[in-house]
Amino acid sequence: MAPDTTQATHLGGGHPGTSSDALRSHYDIGTDFFGLWLDPSLTYSCALYEDGDTDDAAGFLKAQLRKLDIHIDAAHAAGADRVLDIGCGWGSMMRRLADDRGVGHVTGMTMTEAHRTHVNALGNPKLAVALTPWAGFEPTAPYDAIVSLEAFEHFARLTSTEDEKRAGYRAFFERAHGWLKPGGRMSIQTIVYGTATKADFSTFCATEVFPNSDLRRLHEVIEASDRLFEVERLRMDRQMYVRTIQSWLDGLRANRGRAEAIVGADVVRRFENYCGVFMIGFHTGRMNLARISFRKLG
C-alpha cells in the first residue's frame, strides 16, 4: 500500500489554524538546539509521571515513554496495521509505535520541514511523513488508530472569532472521523485554558514563542466531537507539566554554552522566558493539560 505523503504544496491552503511560517519560526530553529534540552527521544510534550520517578535524565525519559504508551494503549494502536500521528514532531511516537509496539505502518503529519527531515533520516520503511496541515490531508486508506500530542494548540489562531474556532474544531473531528475505521480510537493530549481566558494570553508567547496560535477550553474540545466520538477517558495533569518544563529548563541551562553557539544568546533567553511563563501558568491553574481518548461512533 502506498504511504500517505501529502506534499508541501498543500501547506497553508485553507488551513484554519496556525500558519506554516509561524510554526517554522519555532520548530525550525534547529533540531540540534532542541536535542540539548529535550529528553533523548526528542519528545516535546508533557510527560506522565508516577510515584517514585526520579528527576534525572533516566527518570525523565521513563516518564516520557510512559506517556507515549498510555496514548498508544488508549487508542488501541498496538499491533495495528496503520496509525496516524497528527503533529508528529521529531517522531518519538512514530518510533515507539513501529519499533516497540508492533505497528505495521505509521504516518506522521507535520507542518515543519525540520520534523519531516529528521524522521526521514531515520530510514525506517514503516514511517512516512506528510508535510501538510490537517485540513489538506488526504490518506490513501483509513487508519486503525490516531494519536495526537499537543497539536491542537495550533488548530486556531489568536485572531480567530469564537465561531471560527468552533467551526475549525468541528471540522477537525469530522475529518478525523472519516480517517478512522469503524470503531477506531483516537487519543489526544492538549493544553487548554484553565482559569485564564483569551484576553490573558501572554503577549510575549503570542509574539515571540507561538505566533498565530491559541488555546481552547476543555468543553470546546468535547463539544466539537459530539455525535462523532464517544469520550472514553479524560485526565487532567497540569502539575506534571510543571515538572516536565522544569526538566527542559534544567537541560537548557546546563547546556547554555552549546545552545548559544547554535542559536545565539537571545534565542536561549527567549526559550528560558517561555519555560518560566508556562511553568507559572500550569502551577497556578491558568492553563491545564488534558489527555482525552475517543472512540469513533458510527
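Between which strand and which helix does the loop with Ser160 lie? I began with this residue and found Ser160 in the loop that joins strand E4 (143-149) and helix H6 (162-179), where helices (H or I, at least four residues) and strands (E, at least two) are DSSP runs, numbered from the N terminus.

I noted that this is a predicted model, in which local features need pLDDT of at least 70 and side-chain atom pairs count only at pLDDT 80 or more, while totals for chains, interfaces and linings use all residues. Residues are numbered from 1 along each chain as its sequence is written, and side-chain values use heavy atoms, with hydrogens and water left out.

**Ser160.** I looked up its accessibility next: Ser160 has 10% relative accessibility and therefore counts as buried, the term meaning under 20% relative accessible area, with exposed over 50% and partly exposed in between (1.4 Å probe, protein chains only). I also took the distance from Ser160 to His115, which is 45 residues away along the chain, and their C-alpha atoms are separated by 26 Å.

**Phe271.** I then turned to helix H11 (residues 265-284), which holds Phe271. Phe271 counts as buried, because its relative accessibility is 2%. Which residues does Phe271 contact, leaving aside its neighbours within four places in sequence? I listed His26, Ile29, Phe33, Phe34, Trp37, Tyr44 and Leu252, with contact meaning heavy atoms within 4.5 Å.

**Helix H9.** Leu252, one of the contacts of Phe271, is also among the buried residues of H9, which include Tyr241, Ile245, Trp248 and Leu249. I checked the length of H9 (residues 238-254) as well: its 17 residues should span 24 Å at 1.5 Å a residue, and the end C-alpha atoms are 25 Å apart, which agrees; the expected span is 1.5 Å times one less than the number of residues.

**Whole chain.** I counted 11 helices and 8 strands in the chain. The radius of gyration is 18 Å, close to the 19 Å from the globule rule for 298 residues, so the chain is as compact as a globular protein of that length; the radius is taken over C-alpha atoms, and the rule is 2.2 Å times the number of residues to the power 0.38. Along its principal axes the C-alpha trace spans about 50 × 45 × 40 Å, and 57% of the 298 residues count as buried. Finally, I recorded that, of contacts between residues at least 6 apart in sequence, 77% join residues at least 24 apart.
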